[in-house]
Amino acid sequence: MKKRNGTISILKLLIMLLCIMGGHFCIAYPIKGGYPFVANGIFVEFFLIITGYYTFKHFMTSNEPDSGVFKYTFHKFIKFTPYLVVSNGIILICLRDFSLRRIWNMFVEDMLLTTVFFECSFSNGSLWMLSSMFIVFPLFCIFCKQKNDSICSMLAILIPLIYYANIVDAVTATFPMNFFRIISGMLLGVTIFYFNQKVRIKLDKRILYILGTLISLVPITMALFQFNERRIQLVCFMVSLTLLLDEDGVASRLSISLSDFSEKLSMVMYITHWSIAVLVKEMIGTKNAIISLFIYYLLTIFLSSILIFFEEKLSKRKIISLFLEFKK
């Protein structure tokens with residue numbers, strides 16, 4: 001079994017828990033003015049950097065043929081399908097619209113194709129990231145398979161520098177800039193990979209681990225107090241992840257079953273939180289923010305945990321695993 005970085009897994013869950021608070025106020029309890037974690041748009045880059053790092057690392061150590069790009073993409077995204085179906089199904093029920101057009105829209109969202117099907121709009125708005133990544137991910141994988149370190153490292157540095165020069169407009173989910181954002185965010189992960197391969201910081205690994213953890217909390221604290229300085233937040237994520245993703249660092253050696261579950265829970269919560277926000281708004285309206293927030297978190301964590309439980313049970317019985325088998 002592939003060993004995971006336990007610290008990164010815990011951080012992913014923590015950031016997801018805090019990010020979706022902003023989603024609650026945006027969807028289930030819309031209010032005017034600022035609210036905690038309204039400045040969480042740049043948090044998407046945290047997940048893009050990690051995805052880019054591990055994807056590049058995979059292909060750097062793999063000798064798969066070109067077809068391996070599509071196989072890797074298939075396996076990476078097909079596992080989201082059961083969660084997408086349930087999440088989008090909840091929204092469909094809440095909308096009480098079972099027309100053919102709405103069902104078609106749901107199917108397109110389940111297949112992560114909403115970004116390129118202009119006649120369909122996002123019902124589950126948070127899925128823009130997965131939908132955009134699904135389209136450009138094979139292209140990114142082809143880039144990762146190139147063995148020319150000079151070109152790869154140069155592009156991994158230059159493209160994000162150019163894209164994030166205007167940090168305000170760069171943090172967007174609109175077409176076609178969403179594709180450039182996904183690519184640029186993942187290339188930041190490639191930059192970290194090369195930095196860790198070429199540079200060795202001469203400090204105690206435990207000190208670097210503590211620094212990486214503390215620095216990762218800075219963007220979270222900024223978002224809590226609605227301090228929307230995205231460039232500072234992005235730089236903090238880059239520095240902290242450079243320290244925590246170091247293969248020789250303390251973080252890479254910390255892995256427990258709880259952290260593995262945390263990583264999976266964070267992804268499922270990302271897929272389901274929008275639909276739960278819609279459901280909570282449908283159930284109790286916008287009368288009480290505290291009660292609404294409590295129910296929102298309770299239902300999101302409960303539904304995500306239940307879905308993971310049943311998916312794992314079905315996988316063990318070979319029901320889903322047979323469906324997920326990718327034939328060459």
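Which residues does Lys12 touch, not counting residues up to four places away in sequence? In this predicted model, the contacts of Lys12 are Phe46, Phe47, Ile50, Glu263 and Ser266. Lys12 itself belongs to helix α1, which covers residues 6-27. With a relative accessible area of 13%, Lys12 is classed as buried, because the cut-off for that class is under 20%.

Two cavities of 30 Å³ or more are present in the structure. For the second largest cavity, the computed volume is about 50 Å³. Its lining consists of Asn88, Ile91, Leu92, Leu95, Arg102, Asn105, Met106, Glu109 and Ser123. Two helices, α4 (81-95) and α5 (100-110), each contribute at least two residues to the lining of this second largest cavity. Sorted by class, that lining comprises four nonpolar, three polar and two charged residues.

Finally, I come to the open spaces, and in particular to the second largest pocket. The volume of this pocket is about 260 Å³. The second largest pocket is lined by 13 residues, and those closest to its centre are Pro160, Leu161, Leu188, Leu234 and Met238. Which helices each supply at least two residues of this lining? They are α7 (149-163), α9 (177-198) and α11 (230-244). As for class, the lining of the second largest pocket has 11 nonpolar residues, together with one polar and one charged residue.

Terms used:
Residues are numbered from 1 along each chain as its sequence is written. This is a predicted model: local features need pLDDT of at least 70, side-chain atom pairs count only at pLDDT 80 or more; totals for chains, interfaces and linings use all residues. Side-chain values use heavy atoms; hydrogens and water are left out. On a 1 Å grid over the protein atoms alone, a cavity is a set of points where a 1.4 Å probe fits but cannot get out, and a pocket is an open set with protein on both sides within 12 Å along at least five of seven lines; lining residues have an atom within 4 Å of a point. Grid points are joined across faces, edges and corners, and a volume is the space filled by probe spheres set on the points. Helices (H or I, at least four residues) and strands (E, at least two) are DSSP runs, numbered from the N terminus. Ala, Val, Leu, Ile, Met, Phe, Trp, Tyr, Cys and Pro count as nonpolar, Asp, Glu, Lys and Arg as charged, and the others, Gly among them, as polar. Buried means under 20% relative accessible area, exposed over 50%, partly exposed in between (1.4 Å probe, protein chains only). Contact means heavy atoms within 4.5 Å.
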